[in-house]
Amino acid sequence: MNKKTVTSTYTLSLSFDPYAGQAEIITGENIMTMYYINQDQTNNPGYHHEVHTREHAEELHIQRKYFLGFFPNEVEAVQVGKRIYSDADGCAVCCPRAHRG
Ligand SMILES: [Zn+2]
């Protein structure tokens, strides 16, 4: 995926209400998943700001989270997360391809 794709998905997310209850949207052939970044970096072994899917963030009862947007995969979600927290890392459970630990 190139940078242009990241920018366009990020813009798309801004037109959505993150609390509308929709965890996924389908654009063309891509399923876009909703991602959040945990604003409490102390609640994981590596002390990173971790990126989660909406589903997993709710499962973990994360209280302080920032809506990142809809992305086709966790790698792109973490790239955008790094603009907010430079130490952003993918959750080992729901974002394994972006997890560095
Ligand atoms: Zn997770």
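**Figure 1. Strand β3, covered on both faces.** In this predicted model, strand β3 spans residues 50–53 and has both of its faces covered. Glu50 and His52 lie on one side, Val51 and Thr53 on the other, and all four are buried. β3 is joined to β2 by three bridges, and the two strands run antiparallel. With strand β5 (residues 89–90), β3 pairs in the parallel sense, over two bridges.

**Figure 2. Surroundings of Val51.** Val51 has Gly90 in β5 as a bridge partner. Setting aside residues up to four places away in sequence, Val51 touches Tyr35, Ile37, Leu68, Glu74, Ala77, Val78, Gly81, Ala88, Gly90, Cys91, Cys95 and Ala98. Val51 is also among the residues with the most contacts inside the largest nonpolar core.

**Figure 3. The largest nonpolar core.** This core has 18 residues, and those with the most contacts inside it are Tyr35, Val51, Leu68, Ala77, Val78 and Cys95. Two or more core residues come from each of β2 (30–38), β4 (65–71) and α3 (74–84). The largest share, five residues, is given by β2. In soluble globular proteins, nonpolar side chains tend to be buried together.

Figure 4. β2 and β4 run antiparallel and are joined by six bridges. Tyr35 has Gly69 as its bridge partner in β4, and Tyr35 stands opposite Thr53 in β3. β4 is mostly covered, with five of its seven residues buried.

**Figure 5. Arg54 in helix α2.** Arg54 belongs to helix α2, which covers residues 54–59. Arg54 counts as buried because it has 20 C-beta neighbours inside 10 Å, and 20 or more is the cut-off for that class. Leaving aside neighbours within four places in sequence, the contacts of Arg54 are Ala23, Met34 and Tyr36. Arg54 and Ile37 are 17 residues apart along the chain, and their C-alpha atoms are separated by 9.5 Å.

**Figure 6. Ile25 in strand β1.** Ile25 is placed in strand β1, residues 24–27. With 14 C-beta neighbours inside 10 Å, Ile25 is classed as partly exposed. Beyond its neighbours within four places in sequence, Ile25 is in contact with Met32 and Phe70. The C-alpha atoms of Ile25 and Phe71 lie 9.3 Å apart in space, although the two residues are 46 apart in sequence.

**Figure 7. The whole chain and its confidence.** The protein chain comprises three helices and five strands, in the order α-β-β-β-α-β-α-β from the N terminus on. Of its 101 residues, 34% are buried. Among contacts between residues at least 6 apart in sequence, 56% join residues at least 24 apart. The mean pLDDT of the chain is 81, and 78% of the residues reach 70 or more. Over residues 1–16, pLDDT stays under 50, and for this segment the model has 16 contacts beyond four places in sequence.

Notes: Residues numbered from 1 in each chain as written. Predicted model: local features only at pLDDT ≥ 70, side-chain atom pairs only at ≥ 80, totals over all residues. Core = buried A, V, L, I, M, F, W, Y, C linked by C-beta atoms within 7 Å. Buried ≥ 20, exposed ≤ 12 C-beta atoms within 10 Å, placed from the backbone. Contact = placed C-beta atoms within 7 Å. Pairing = 2+ DSSP bridges. pLDDT = per-residue confidence, 0-100.
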